[in-house]
Amino acid sequence: MQHGLCYLNACRFASRYLGSYSISVPDAAAFYKSNNYMDDIAWNALWLYIRTGNAAYKQAALDWYTKHYNQEDGKQVWDNYDWDSNSWGCVVMLSRLYPTNPQINQRINTFVRAWTEGSGTVTFTAKGLAYSGPWGSLRHVGNAMFLLKAYADKAPNGAVTAAEKNSINCMVRQQLGYILGNTGRSFVVGYGVNPPQRPHHRDSSCPPIGQECSWNDYNSPNPNPHTLFGALVGGPNREDTYKDDRNGYIMNEVATDYNAGFTGALAAAVSNSLKCAAQ
């Protein structure tokens with residue numbers, strides 16, 4: 001209950017004192033500037049509604065998403081879900097609560113088509129990766145696959161046809177296979193064939209406790225002394241090219257928002273809910 005009250009108060013504060021957090025924390029703007037904030041407030045309201053059942057939060061979530069769409073770059077937000085944008089997460093959740101809302105339906109259909117068929121920002125590489133940008137390409141794939149499954153498995157009756165669900169399942173299976181090594185190498189540290197050995201991660205690249213860790217360790221061509229089991233690295237470029245180089249943080253960075261959606265999509269695979277009929 002105490003945590004719920006804190007969350008409620010934080011949401012009220014954010015709704016009253018509008019603006020991006022990076023305005024109050026200017027040092028963060030150089031690295032992690034927030035480009036939107038209304039989608040974050042909508043996201044807060046969604047989870048408050050789920051927790052409390054209070055219809056006012058449900059309406060607030062739709063209202064804040066609509067403001068995000070009209071007043072921020074909600075119309076142009078690229079087809080990715082990451083630390084800087086809750087936009088598509090809001091769309092997935094709102095599609096459950098407002099199944100007849102034309103704007104929400106249009107948005108979720110846009111997202112599904114982008115990641116199953118391609119779009120202006122999502123293309124497919126020669127080896128089949130759904131590619132939407134160079135920095136952490138697999139992060140975007142994992143998060144998108146999680147959202148696709150979250151939508152397809154929890155959509156109201158009739159919102160997703162059997163053919164559409166099969167298409168989503170097949171795409172999720174294919175992309176997970178790419179990440180786990182179906183094309184010749186794994187992109188998950190400590191797993192599968194030829195996994196990454198030099199993730200851009202300070203602790204795993206330093207020697208054991210008690211020994212000095214210096215830039216010599218960072219610049220060493222040797223594998224990291226510690227295996228960061230399960231970490232998803234950034235991944236390849238649009239040519240399916242990947243270099244296992246600690247200095248190449250665009251391809252080898254690891255982060256919580258890299259593993260989050262990927263882990264959710266894996267949970268679908270483990271639960272045997274990725275049945276894919278030949279297309």
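**Close-up 1. Helices α4 and α5 meet along their sides.** In this predicted model, M38, D39, I41, A42, A45, L46, L48, Y49 and T52 of α4 touch A55, Y57, K58, A60, A61, W64, Y65, K67, H68 and Q71 of α5; contact here means heavy atoms within 4.5 Å. By class, this contact holds 13 nonpolar, three polar and three charged residues. Ala, Val, Leu, Ile, Met, Phe, Trp, Tyr, Cys and Pro count as nonpolar, Asp, Glu, Lys and Arg as charged, and the others, Gly among them, as polar. Helices are DSSP runs of H or I with at least four residues, numbered from the N terminus. The model is a prediction in which local features need pLDDT of at least 70 and side-chain atom pairs count only at pLDDT 80 or more, while totals for chains, interfaces and linings use all residues. Residues are numbered from 1 along each chain as its sequence is written, and side-chain values use heavy atoms, with hydrogens and water left out.

**Close-up 2. How α4 and α5 are packed.** Two packed helices are described by the angle between their axes and the distance between the axes. Helix α4 (residues 38-52) packs against helix α5 (residues 55-71) at an angle of about 165°, and their axes are 8 Å apart. The α4 helix is therefore roughly antiparallel to α5 (an angle over 145 degrees). Axes are lines fitted to C-alpha atoms over the stretch in contact, and angles run from 0 to 180 degrees between N-to-C directions. The crossing of α4 past α5 is left-handed, that is, the near helix is turned anticlockwise from the far one by less than a right angle.

**Close-up 3. R139 pairs with D257.** Four salt bridges are found across the whole structure; the term stands for a side-chain nitrogen of Lys or Arg within 4 Å of a carboxyl oxygen of Asp or Glu. In the bridge between R139 and D257, the closest N and O atoms are 3.1 Å apart. R139 sits in helix α8 and D257 in helix α13 (residues 256-270), so this pair ties together parts that are 118 residues apart in sequence. R139 is buried at 6% relative accessibility, and D257 is buried at 16%; buried means under 20% relative accessible area, exposed over 50%, and partly exposed in between (1.4 Å probe, protein chains only).

**Close-up 4. D153 and its surroundings.** Look for D153 in helix α8 (residues 137-154). Leaving aside residues up to four places away in sequence, D153 touches K165 and S273. D153 forms a salt bridge with K165, with the closest N and O atoms 3.6 Å apart. That pair links D153 in helix α8 to K165 in helix α9 (residues 162-180), twelve residues apart. D153 is partly exposed at 33% relative accessibility, and K165 is partly exposed at 32%. K149 joins D153 and K165 in a network of salt bridges.

Close-up 5. R198 and D244 form a salt bridge whose closest N and O atoms are 3.1 Å apart.

**Close-up 6. Positive phi at N194 and D240.** N194 has a positive phi of about 50° although it is not a glycine. You will find N194 in the loop between α9 and α10, partly exposed at 45% relative accessibility. D240, also a residue other than glycine, has a positive phi near 65°. D240 is in the loop between α11 and α12 and is buried at 12% relative accessibility.

Note on methods: Helices (H or I, at least four residues) and strands (E, at least two) are DSSP runs, numbered from the N terminus. Angles under 35 degrees count as roughly parallel, over 145 as roughly antiparallel, 65 to 115 as roughly perpendicular and the rest as oblique.
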